Amino acid sequence: MRPKLVVGNWKMNGSRAANATLLSGIVAGLGGAKAKAACAVCAPAPYLAQCQELLAGTPVAWGAQDVSVHASGAYTGEVAAAMLADFACRYVIVGHSERRAYHGEGNELVARKAKAALDAGLTPIVCVGETLAQREANQTAAVVGEQLGTVLETLSPEEVTKIVVAYEPVWAIGTGKTATPAMAQEVHAQLRAQLKVRVGKEAAQQLHILYGGSMKPDNAAELMAQPDIDGGLIGGASLKAAEFLAIINAA
Ligand code: PEP
């Protein structure tokens, strides 16, 4: 069975003081006991050093929310994958819907970011998801299929076995609206079938497909009980230690 994975996406939130309180609360809450799920937090880039300082040696991994496709050079404001690796990041989110919507990131750029992350030894968390208009027009399967498809074409099958996929319906992110477990499971099963074509049945069974979109302590257990939902990518609820811990414990 795949162990569950719960990842916090802090987005552009936090301060040194607030992060210290949040991270010490999470670590204390996990209590050194074997957590029910693997967990990680994806912090704004300036706080990755603080994550490394406070989380090294704990069960909580850390990562970033975006990465450049370039290795180094004249790309003002960008952060290279090797720089994230320098701060011992394990994960980096690529293709979050907020980056797609506000920064014009398309499927090809997202796929190149996933490749840059893998080349630096990081695990990309590749986000896919449809807007409300696309769902209402019955385009969900086509939209997420194309988003994942571009990544699958860009990476070798061996590289694909090292990614994490996150299904995040855009209409559920930060809105309090959650996909029903059945709705989410349907898309997750489709994504796993697509992965299977690229990497084979056994490898596809090992891959993590997370659900994201208003996952909270009160709906997490039901969502993660679905056969193809292997954990969560958590925005708002990852900013409170008690809520994040409750989601980990619901896994
Ligand atoms: C997210 O930003 O990835 C997310 C799922 O946000 P929220 O949990 O707040 O909907």
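This is a predicted model: local features need pLDDT of at least 70, side-chain atom pairs count only at pLDDT 80 or more; totals for chains, interfaces and linings use all residues.
Colleague: Thanks! Which residues of H1 are exposed on the face turned away from its buried side?

Modeller: Ala17, Thr21 and Ala28 are the exposed residues there. The buried ones in H1 are Asn19, Leu22, Leu23 and Ile26.

Colleague: What makes you say that the buried residues of H1 line one face?

Modeller: Looking down the axis, they fall within an arc of 90°, so they line one face of the helix; the arc is taken over the directions from the helix axis to the C-beta atoms. They pack against helix H2 (48-55), strand S3 (60-64) and H12. Helices (H or I, at least four residues) and strands (E, at least two) are DSSP runs numbered from the N terminus, while contact means C-beta atoms, placed from the backbone, within 7 Å.

Colleague: How do you know that the span of H1 agrees with what its 15 residues should give?

Modeller: The expected span is 1.5 Å times one less than the number of residues. For H1 (residues 16-30) that gives 21 Å, and the end C-alpha atoms are 21 Å apart, so the two agree. Gly31 follows H1, with a positive phi near 65°.

Colleague: On to the active site. Why do you say that its residues gather at one spot?

Modeller: UniProt, in an unreviewed entry, places "active site" at His96 and Glu168. They span 73 residues in sequence, yet no two of their C-alpha atoms are more than 8.3 Å apart, so they gather at one spot. UniProt positions are in the numbering used here, feature names are shortened, and annotations may be inferred rather than shown by experiment.

Colleague: Why is His96 counted as buried?

Modeller: His96 has 28 C-beta neighbours inside 10 Å, so it counts as buried. His96 sits in the loop between strand S4 (91-94) and helix H4 (97-102), and touches Gln65 and Cys127, leaving out residues up to four places away in sequence.

Colleague: And why is Glu168 called buried?

Modeller: Because it has 29 other C-beta atoms within 10 Å. Beyond neighbours within four places in sequence, its contacts include Cys127, Ile173 and Leu233.

Colleague: What about the binding site: where does UniProt place that feature?

Modeller: The unreviewed entry lists Asn9, Trp10, Lys11, Gly174, Ser214, Gly235 and Gly236. Although spread over 228 residues of sequence, they cluster in space, with a largest C-alpha distance of 13.8 Å.

Colleague: Why is Gly174 called partly exposed?

Modeller: Gly174 has 13 other C-beta atoms within 10 Å, so it is partly exposed. Gly174 lies in the loop between strand S6 (164-167) and helix H9 (181-199).

Colleague: And what makes Gly235 count as buried?

Modeller: Gly235 has 21 C-beta neighbours inside 10 Å, so it counts as buried. Leaving out residues up to four places away in sequence, Gly235 touches Asn9, Lys11, Ile173 and Gly174. Gly235 is in the loop between strand S8 (231-234) and helix H12 (241-250).

Notes
Residues are numbered from 1 along each chain as its sequence is written. A residue is buried if 20 or more other C-beta atoms lie within 10 Å of its own, exposed if 12 or fewer, and partly exposed in between; C-beta atoms are placed from the backbone. Two residues are in contact if their C-beta atoms, placed from the backbone, lie within 7 Å.
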